Amino acid sequence: MNRMQPMTIPEIVSAVGGTWLNPREGAAPVTAVSTDSRRIAPGCLFLPLTGEKFDGHDFLDKALSAGAAGCLCAKVPETLRADKFYIRVEDTRLALRALASAYRDRFQIPFVQITGSVGKTTTKEMVASVLGASLRVLKTPENFNNDIGTPLTLLGLGPEHQAAVIETGMNHFGEIRYLGEMVRPDIAVISNIGDAHIEHLGSREGILKAKCEIFENLKPEGLAVLNGDDALLDTLDLPFRTVRCGQSEHCAVRVTEVTDHGVDGITCTIVSPRDTYHLSIPAPGEHMAWSAAMAVAVAEELGVERDAIVRGAAAYEPAGSRMRVVRLPGDRLVLDDCYNANPQSVTAALEVLAKTECGRKVAVLGDMGELGELTDQAHYNMGALAAMLGIDEVVAIGTKAEKIADGAAQSGGSVTHFATKEEAVRTLTDLLKEDTAMLVKASHAMHFGWIVEQLKQDYD
């Protein structure tokens, strides 16, 4: 549920193009919106969504009885309560977008929209952290980067906010366009183009085309910030001011002198036409330097001072299970990177594990989704890479992960395969010996967070 500045019922009706079915004088403005009948605040607007297996309209009465002041509805109840308001719309999902778009118009602050195949959440968190050293920033929480989460994030804007950093995800054509019509960014950022969702988009060129929908709603005077080391992004010739970030010579914001300190993070130098930044980032993985470079480009565009940029990078914290370092007794380390997985992110995670200063290294790898024809080869390659990096033990979990086991075994690695995480967990507990680092990574649908929690319970 999102708190918002007051909106009158006529303002809501106008925003969503709806019909107020039982108008009355003196109705109080709405100051919150909820799509969940279990989370209702007094006086809020309830917006019922529909899906393949649910219909929020079934919970209208529950939400109104719990204190909602009124609701939007595409299906009108037989009886309307006189003490509540009802606004009829054609489609509640589209109405949510329209409401968020109208509400966003109230705020004359810079909006940063971020997308990418890999690292968009990391980049979002880094940009928000760097800007947050000197500005009050609204950022997309957790994984609220879809057609429901994005409008709910925007409805959380308040008068205190001085900038908004909005992450937008996708797995089909048209989704970034749909979200961008709400965000209408001043700065558009693409972290990279990888293989994630290639099953739905056909090719990496298809993924590039889908990600480039972000520019359709970028303001004409806006700025595009791109990963300058990405071959496909380098093919873009945009009608906007464009800043490329990376190690390549043509990048305006250059990544230099990256030093990997293992689980303690990295240090790097970022050089822009304006200044030189010596950054210390408390998160593992050399890839963090690219997110930092893009954050520098965004911060410079918004006039953030040098010292604030350095402080903001140093204050970075990973969101959720994204290379979160869990320290357990006996010098045991769990690298919790199980929010999601694709070939690029698994490669980066394995490289972090390989550089970790522990006596023994174990990679727990599960299925990667939405890879289409690349599925078998991609999984095989990840197993082979783990073996070639010298990982002591690979534990592959899941149907697709059988190919991970094949790749590791045929490359000389020690590997065990399990069909489910429940079958694997006892073995994992035994493998997490003293002075061991264990990476846990798979696509979100595998729910590997459960494994991390089981390991914590065993050793905390």
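This is a predicted model: local features need pLDDT of at least 70, side-chain atom pairs count only at pLDDT 80 or more; totals for chains, interfaces and linings use all residues.
Confidence is highest in strand β9 (residues 163-167), at a mean of 98, and lowest in helix α7 (residues 198-201), at 49.

The chain contains an open sheet of nine strands with mixed pairing, arranged in the order β8-β9-β7-β10-β11-β12-β13-β14-β15. Strands β8 (137-139) and β15 (276-281) form the edges; each has a single partner strand, and therefore one side of each is left without a neighbour in the sheet. From one strand to the next, the twist averages 20°. Within the sheet, strands β12 (residues 241-246) and β13 (residues 253-260) run parallel and are joined by two bridges. Cys-245 stands opposite Val-253 of β13.

Helices pack on this sheet. Helix α6 lies across β7 (111-115) and β9, and runs at about 170° to β7. Helix α9 (residues 288-301) touches β7, β10 (187-190), β11 (223-227), β12, β13, β14 (266-271) and β15, with its direction making about 165° with that of β11.

Helix α6 (residues 175-183) also contributes to the lining of the largest cavity, supplying three residues, the largest share. The structure holds one cavity of 30 Å³ or more, and the volume of the largest cavity is about 30 Å³. Its lining consists of Arg-93, Asn-146, Asp-147, Gly-169, Glu-175, Tyr-178 and Leu-179. By class, three of the lining residues are charged, two are polar and two are nonpolar.

Note on methods. Residues are numbered from 1 along each chain as its sequence is written. Side-chain values use heavy atoms; hydrogens and water are left out. pLDDT is the predictor's confidence in each residue, from 0 to 100. Helices (H or I, at least four residues) and strands (E, at least two) are DSSP runs, numbered from the N terminus. On a 1 Å grid over the protein atoms alone, a cavity is a set of points where a 1.4 Å probe fits but cannot get out, and a pocket is an open set with protein on both sides within 12 Å along at least five of seven lines; lining residues have an atom within 4 Å of a point. Grid points are joined across faces, edges and corners, and a volume is the space filled by probe spheres set on the points. Ala, Val, Leu, Ile, Met, Phe, Trp, Tyr, Cys and Pro count as nonpolar, Asp, Glu, Lys and Arg as charged, and the others, Gly among them, as polar. Two strands pair if DSSP finds at least two bridges between them. Axes are lines fitted to C-alpha atoms, for helices over the stretch in contact, and angles run from 0 to 180 degrees between N-to-C directions. Contact means heavy atoms within 4.5 Å.
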